[in-house]
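Please look over the model before reading on.

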Amino acid sequence: MAYHLLQRDREGAARLTAALQTSLASIRHCEKCNSFAEAVVCELCSSPRRDASLLCVVESPGDLLMMEQAECYQGLYFVLMGALSPLDGIGPKDIHLDRLLRRAGDGLVREVILATNFTVEGEATAHYVGELLRQRGLKVTRIARGLPVGGELEHVDSGTLAQAVVERREV
Ligand SMILES: [Zn+2]
């Protein structure tokens with residue numbers, strides 16, 4: 001990207017530099033959800049329209065954005081800014097677990113929804129975090145795996161299909 005900008009779009013490079021410098025100076029982490037924010041507490045966390053009894057745990061601000069775009073959730077969030085990965089040296093401190101536990105223990109949160117990725121790291125994180133939250137008497141749920149909307153069985157990978165069968169529910 002740097003080579004491309006230097007070669008073909010030096011003006012764009014200057015604009016990108018300015019934008020990054022502004023972001024570095026003004027963007028911080030929201031005190032409540034840990035996502036990127038310009039204020040101490042972000043707009044989403046300070047909105048009275050959100051359901052404070054639901055807390056959804058995601059790995060990144062991008063995941064939070066996807067959840068919001070799906071318009072399926074009215075609760076609040078906590079962004080880990082990563083996932084547990086001992087091989088890469090990423091432990092509980094690096095994903096702000098102490099802050100999550102404090103946040104989930106505010107007395108208002110009734111259910112924590114674990115929406116980490118379905119990767120090895122995301123699954124391990126969901127297991128570890130879920131255990132700690134359950135020990136504190138909170139209801140812990142995990143988003144479901146399954147077939148994509150409009151998906152056909154014969155075109156889906158066998159891992160997804162197998163998981164959908166394991167996680168089937170009564171209708
Ligand atoms: Zn926030």
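This is a predicted model: local features need pLDDT of at least 70, side-chain atom pairs count only at pLDDT 80 or more; totals for chains, interfaces and linings use all residues.

Is Ser-46 buried, partly exposed or exposed? With a relative accessible area of 48%, Ser-46 is partly exposed. The cut-offs are these: buried means under 20% relative accessible area, exposed means over 50%, and partly exposed lies in between (1.4 Å probe, protein chains only). Ser-46 sits in helix 3.

Residues are numbered from 1 along each chain as its sequence is written, and side-chain values use heavy atoms, with hydrogens and water left out.

**Overall layout**

The protein has seven helices and six strands. Both are DSSP runs, numbered from the N terminus: helices are H or I with at least four residues, strands are E with at least two. In sequence order the pattern reads α-α-β-β-α-β-α-β-α-β-α-β-α. The C-alpha trace spans about 60 × 45 × 35 Å along its principal axes. Of the 171 residues, 32% are buried.

**The zinc site**

Which residues hold the zinc ion as protein donors? They are Cys-30, Cys-33, Cys-42 and Cys-45, each through SG, lying 2.3 Å from the ion. Donors here are N, O and S atoms within 2.8 Å of the metal (3.2 Å for Na, K and Ca); water is not among the atoms, so sites may look incomplete. Along the chain, the donors follow the spacing C-x2-C-x8-C-x2-C. The arrangement is tetrahedral because the four donor atoms subtend angles of 106 to 116 degrees around the zinc ion. Four donors count as tetrahedral if all angles lie between 85 and 135 degrees. Cys-33 and Cys-42 are both buried.

**The core**

The largest nonpolar core has 36 residues. Such a core is a set of buried Ala, Val, Leu, Ile, Met, Phe, Trp, Tyr and Cys residues joined through side-chain atoms within 4.5 Å. Cys-56, Leu-100, Val-112, Leu-114 and Leu-133 have the most contacts inside it. Several elements give two or more residues to this core, among them helix 3 (43-46), strand 3 (51-58), helix 5 (97-104) and helix 6 (120-135). Strand 3 gives the most, with five residues.

**A nonpolar patch**

Met-1, Leu-16 and Leu-20 make a nonpolar surface patch of about 330 Å². Patches are made of residues with over 30% relative accessible area and no salt bridge; nonpolar side chains (Val, Leu, Ile, Met, Phe, Trp, Tyr) are joined within 5 Å, like charges within 9 Å. Accessible areas come from the Shrake-Rupley method with a 1.4 Å probe. Leu-20 lies in helix 2 (residues 10-26). At 49% relative accessibility, Leu-20 is partly exposed.

**Salt bridges**

How many salt bridges are there? The count comes to eight. The rule asks for a side-chain nitrogen of Lys or Arg within 4 Å of a carboxyl oxygen of Asp or Glu. Three of these pairs are listed here.

| Pair | N to O distance |
|---|---|
| Arg-142 and Glu-123 | 3.1 Å |
| Glu-123 and Arg-145 | 2.6 Å |
| Arg-134 and Glu-131 | 3.7 Å |

Glu-123 pairs with Arg-145. Glu-123 belongs to helix 6 and Arg-145 to the loop between strand 6 and helix 7 (158-166), so the pair ties together parts 22 residues apart in sequence. Glu-123 also pairs with Arg-142. Arg-142 is in strand 6 (residues 139-142), so this pair links parts 19 residues apart in sequence. Arg-134 and Glu-131 are three residues apart in helix 6, which means about one helical turn separates them. Salt bridges that share partners join Glu-123, Arg-142, Arg-145 and Glu-167 into one network.

**Two loop residues with positive phi**

Met-81 has a phi near 60 degrees, a positive value in a residue other than glycine. Met-81 is in the loop between strand 4 and helix 5. Its relative accessible area is 25%, so Met-81 is partly exposed. His-96 also has a positive phi near 60 degrees. His-96 is found in the loop between strand 4 and helix 5. At 24% relative accessible area, His-96 is partly exposed.

Notes
Four donors count as tetrahedral if all angles lie between 85 and 135 degrees; four count as square planar and six as octahedral if opposite donors are over 155 degrees apart and all others between 65 and 115; anything else is irregular.
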